Amino acid sequence: MAGRLEGKIAVVVGAGQTPGETIGNGRAMALLFAREGAQVLCVDRVAERAEETSSLIAEDGGVASFLAGDIVKPGDPARIVEEAKARYGRLDVLINNVGIGNGDAPAHRLEEAAFDRILSVNLKGMWLTIKAALPVMRDQGGGAIVNISSLAARAGGIQLAYEVSKAGVNRLTTSVAQSNARYGVRCNAIEMGYMDTPMAVSGIASASGRSTAEVRAERDARVPLKGKMGDGWDTAHAALFLASDDARFISGAILPVDGAMGLRIG
């Protein structure tokens with residue numbers, strides 16, 4: 001089933017990745033989308049990371065370009081969409097893959113500045129990017145938006161801001177789906193469990209002073225499906241399905257990609 005995004009223009013916001021020994025969600029999505037025929041605009045706050053993803057796509061035989069963009073910077077969400085339209089003439093797929101959790105804590109310890117920063121990146125920035133993309137998609141008769149959420153939207157107790165932001169992402173997704181269905185714009189979310197990505201494993205290891213092997217083993221042990229985390233490619237294949245015409249009658253879905261981990265809640 002190759003070519004599921006043939007002729008499509010896809011913007012992947014968060015297409016770069018932090019350094020690490022595995023592949024990140026954004027980079028995996030950008031690479032897979034290009035392999036399935038999309039022309040991809042790789043967007044990242046760090047230009048070099050976006051450029052690296054774009055170069056990997058070119059080496060792989062795909063078509064891509066890159067753009068430095070920060071969704072919390074005033075005007076950047078609109079600029080990202082304007083650039084996509086200027087370079088490619090349309091926007092068929094928007095992937096919102098930006099999220100942070102640094103500085104988070106339970107409610108009694110969380111600092112107000114950290115709460116504001118995390119909500120600004122994880123929720124407000126996503127909304128602003130969607131807001132910029134919707135007029136283009138509505139005018140052209142449709143499009144697909146995929147938001148990256150987390151099981152933290154439904155469970156947890158130690159990362160208040162992250163948990164609240166991801167719960168907001170889920171509701172943002174269903175609201176956008178409902179209000180834009182008549183225009184052919186679909187909006188879905190991937191609710192991820194534990195993933196073996198550089199941001200997750202290397203980030204936790206660095207913050208806690210442990211080895212990546214120790215962090216990886218601890219996280220693997222909590223996953224029901226074969227006792228092993230997913231990876232960026234699992235996210236990418238789920239996003240490909242939701243972005244493609246295979247999911248043409250699916251909108252407002254919150255798709256768990258978690259190795260059955262979410263079933264343990266409660």
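Tutor: Contact here means heavy atoms within 4.5 Å. This is a predicted model, where local features need pLDDT of at least 70, side-chain atom pairs count only at pLDDT 80 or more, and totals for chains, interfaces and linings use all residues. Residues are numbered from 1 along each chain as its sequence is written, and side-chain values use heavy atoms, with hydrogens and water left out.

Start at A15. Leaving aside neighbours within four places in sequence, A15 is in contact with G26, R27, A30, C42, V43, D44 and T53. A15 sits in the loop between β1 (9-13) and α1 (25-35). Helices (H or I, at least four residues) and strands (E, at least two) are DSSP runs, numbered from the N terminus. A15 is buried, at a relative accessible area of 0%. Buried means under 20% relative accessible area, exposed over 50%, and partly exposed in between (1.4 Å probe, protein chains only).

Now the largest nonpolar core. A nonpolar core is a set of buried Ala, Val, Leu, Ile, Met, Phe, Trp, Tyr and Cys residues joined through side-chain atoms within 4.5 Å. The largest one has 30 residues, and F33, V40 and I190 have the most contacts inside it. Elements giving two or more residues to this core are β1, α1, β2 (39-44), β4 (93-96), β5 (143-150), β6 (185-192) and α8 (232-243). The most comes from α1, with 7 residues. Look at F33. Its contacts, leaving aside neighbours within four places in sequence, include L5, V12, V40, I95 and L240. A second, separate core of 27 residues includes I71, V81, A84 and Y88. In soluble globular proteins, nonpolar side chains tend to be buried together.

Next, strand β5. N147 is found there. N147 is buried, with a relative accessible area of 0%. Not counting residues up to four places away in sequence, N147 touches N96, M126, I130, V169, T173, C187, N188, A189 and I190.

Last, a helix pair. The axes of α4 (residues 112-140) and α5 (residues 160-180) come within 9 Å and cross at roughly 15°. Axes are lines fitted to C-alpha atoms, for helices over the stretch in contact, and angles run from 0 to 180 degrees between N-to-C directions. So α4 and α5 are roughly parallel to each other. Angles under 35 degrees count as roughly parallel, over 145 as roughly antiparallel, 65 to 115 as roughly perpendicular and the rest as oblique. Among the residues that meet, α4 has M126, W127 and I130, and α5 has V169, L172 and V176.
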